[in-house]
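Visitor: I have a model open here and would like to walk through a few spots in it. Could you guide me?

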Amino acid sequence: MMAELMTPALVRLDADLGADKEGVIAALAAVLTTAGRSADAAVLERDLLAREGKAATGMKGGIAIPHCRTSAVSVPTVAFARLEPMVDFGAKDGPAQLVFLIAAPEGGGDAHLQILTKLARALVRPAFTDALRGAATPDDVVAIVGEAVGAAPAAPAAPAVAEPEPERAKASRTLVAVTSCPTGIAHTYMAAEALEAAAARAGVGIAVETQGSAGSTPLPQATIDAAAAVIFAADVGVRDRGRFAGKPVVTSGVKRPIDDGDAMIAEALRSADDPGAPRVEGSAADAGRTTTAAGESWGGRVRRVLMTGVSYMIPFVAAGGLLIALSFLLGGYDITNVFADVVATNSLTNLPDVDALGLERVPFDSGLLAYLAAILFIIGKTAFAFFVPALAGYIAFAIADRPGIAPGFVAGGLATDIAQFGTPQTGFLGAIVGGVLAGLVAHGIASWKVPSWARGLMPVLVIPLLSSLVVGTLMLTVLGSPINELMTALTDGLSDMSGSNAVILGIVLGLMMAFDMGGPLNKVAYSFAAAGVGSAATLAGDAPELKIMAAVMLAGMVPPLALALATVVRPALFNPAERENGKAAWLLGASFITEGAIPFAAADPLRVIPSIMLGSAVTGGLAQALDVGLRAPHGGVFVLFAVDGVLGFVIALVAGVLVATASVVALKSIGRARVADADPVPA
């Protein structure tokens, strides 16, 4: 198995692979391709840089672990380079000498993922990295790595037994932790290893649950119950948080324990002794407390709840919307009038008659394309029909965990009348209200004290039954009509918008898209637009809903593209890490991933955020003024076939990017002396 993961051909020692991390990543991607481990170096490089754009992969101690899941490899593969000279990968303590490039296939097997887990754990052990620094040949490196991944992962440290009196008191307690990162193939396990090592140094027992790609073995409830405190080191939601209800909790991103595990262990022990420390939600002891779950502010909790719902909703929107757009590409917009008859009466061996059906926009008058368009339309509309229920269901999930999913989906289904009973349609506003209500009701019922024999029935029967009944009844009898009237008024207002009013709407949507770059305001604007595109099958090409979708997507593309351009126009205004992020931002912006601007905004919010808001506002207003329409809810420049008014699309985008670029360059130039003092860069 190790031979499949890493070979001497994938090792470079004391190599000069480039002056920056993009160069190193490109060189190592080429190494994989030359060794026959990757079919497409460009795709591999793109996926690695996209992951790098989310968060730097440089670790303390001169280590970097660029990694990704990608279609460019068929089996998990690791390449290694010992760099000379060293290259900055964004670590706080300096450039990296040891670089592991980890490429996992999109559907990697468990056995390989277990090996990658062991490798990630080994990376935080000084003995392992010291051996790599002293390796003389590629074969030595493969042997060192093979020995590391062939050993079983370290067991949780046991409490010390021969310490001075204060330390024995500390060691009598244990901690539990959960680590989790979005990719799940590196940081998850490195954080676990770092926490276990730090706990051992402190003489404290710890059990860590890794929620990564190699699967997750839940901690025994007895272990959790016996723990004095819990550490959540996660960049994504912790699954089944309710198991830890009432425990003092320390929360952080997944990289903090790797950089400073000792401080996290000490903080957890202090929290265990502090009656006022934040606790995991669900404990009766927390009743009446003003501290929200896990120390979150109410604003933070609202953001987390909304973002959870939106993150689960987007795949339905993207898949459904793009399939509908593809159906229009193949069959024209008229396919919406005949798709049901085409699928019911025709087949691949009995293709439809395009002329008889009145389909005037089918390329080459092809019956095959018309038939495929009808199939794509049905699949797309079916996927799209679930996006509002998914929004409501996972908002409820964010509040009440799994017991909230069923009532949340019921509320979302009622919001769109998914069963076609003629109930009031409340759209995405109803989904938000219904999802929050479902989560609160399910959470409230879950807190009931019931006999032990009934506990097993609560999550699978009692909670979904009662919460669905309560929420469904309220949506139908109390909330449905008022929300429906609000949505109707909103739709009518949009239909009446033209000229300057439409331009104002575009400006407002542009400001929302740029203000928090993927945050709540951004997602509210996006959800608003996507809900309109959901009815695109019945909309004319000049419908305001399609223009709103165009304004929103174009405005969302501006921030990363503008900042990428700014790093090219005036590189001296940006530090090396920002210039590296700028290279990835080109692709992120072109793909409508507004989050590509976040690293720049986090480093200099007072200059960056106003600049990109100005550019996005210009783009949103111009998109409306130029009557640009869009039938695809995602995709950026890759869905130009779904755009009405391609020239206007390009003009609006370029204008906004140029305005934002000029603004950020001007503002950074005003404060250039201060920036230079803080982080000097070459002219």
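Guide: A word on terms to begin with: helices are DSSP runs of H or I with at least four residues, numbered from the N terminus. Please keep in mind that this is a predicted model.

Visitor: Okay, where is Met264 placed, then?
Guide: Met264 lies in helix 10, which covers residues 256-272.

Visitor: Is Met264 buried or exposed?
Guide: Met264 is buried, because its relative accessibility is 0% and the cut-off for buried is under 20%.

Visitor: Which residues is Met264 in contact with, leaving aside neighbours within four places in sequence?
Guide: With those neighbours set aside, Met264 is in contact with Leu195, Ile231, Val250, Ser252, Arg256 and Pro257. For Leu195, which is 69 residues apart from Met264 along the chain, the C-alpha atoms of the two are separated by 8.0 Å.

Visitor: And Ser252, what is the place of that one?
Guide: Ser252 belongs to strand 10, residues 249-252, and with a relative accessible area of 15% it is buried. Not counting residues up to four places away in sequence, Ser252 touches Phe232, Ala233, Ala234, Pro257 and Met264.

Visitor: Switching topic: at what angle do helix 14 and helix 15 pack?
Guide: Helix 14 (residues 367-385) and helix 15 (residues 387-400) pack at about 25°, and their axes are 5 Å apart. The two helices are therefore roughly parallel to each other, since angles under 35 degrees count that way.

Visitor: Which residues make the contact?
Guide: Helix 14 contributes Ala383, Phe384 and Ala385, while helix 15 contributes Phe387, Val388 and Pro389. By class, that contact has 6 nonpolar residues, with no polar and no charged ones.

Methods: Residues are numbered from 1 along each chain as its sequence is written. This is a predicted model: local features need pLDDT of at least 70, side-chain atom pairs count only at pLDDT 80 or more; totals for chains, interfaces and linings use all residues. Side-chain values use heavy atoms; hydrogens and water are left out. Buried means under 20% relative accessible area, exposed over 50%, partly exposed in between (1.4 Å probe, protein chains only). Contact means heavy atoms within 4.5 Å. Axes are lines fitted to C-alpha atoms, for helices over the stretch in contact, and angles run from 0 to 180 degrees between N-to-C directions. Angles under 35 degrees count as roughly parallel, over 145 as roughly antiparallel, 65 to 115 as roughly perpendicular and the rest as oblique. Ala, Val, Leu, Ile, Met, Phe, Trp, Tyr, Cys and Pro count as nonpolar, Asp, Glu, Lys and Arg as charged, and the others, Gly among them, as polar.
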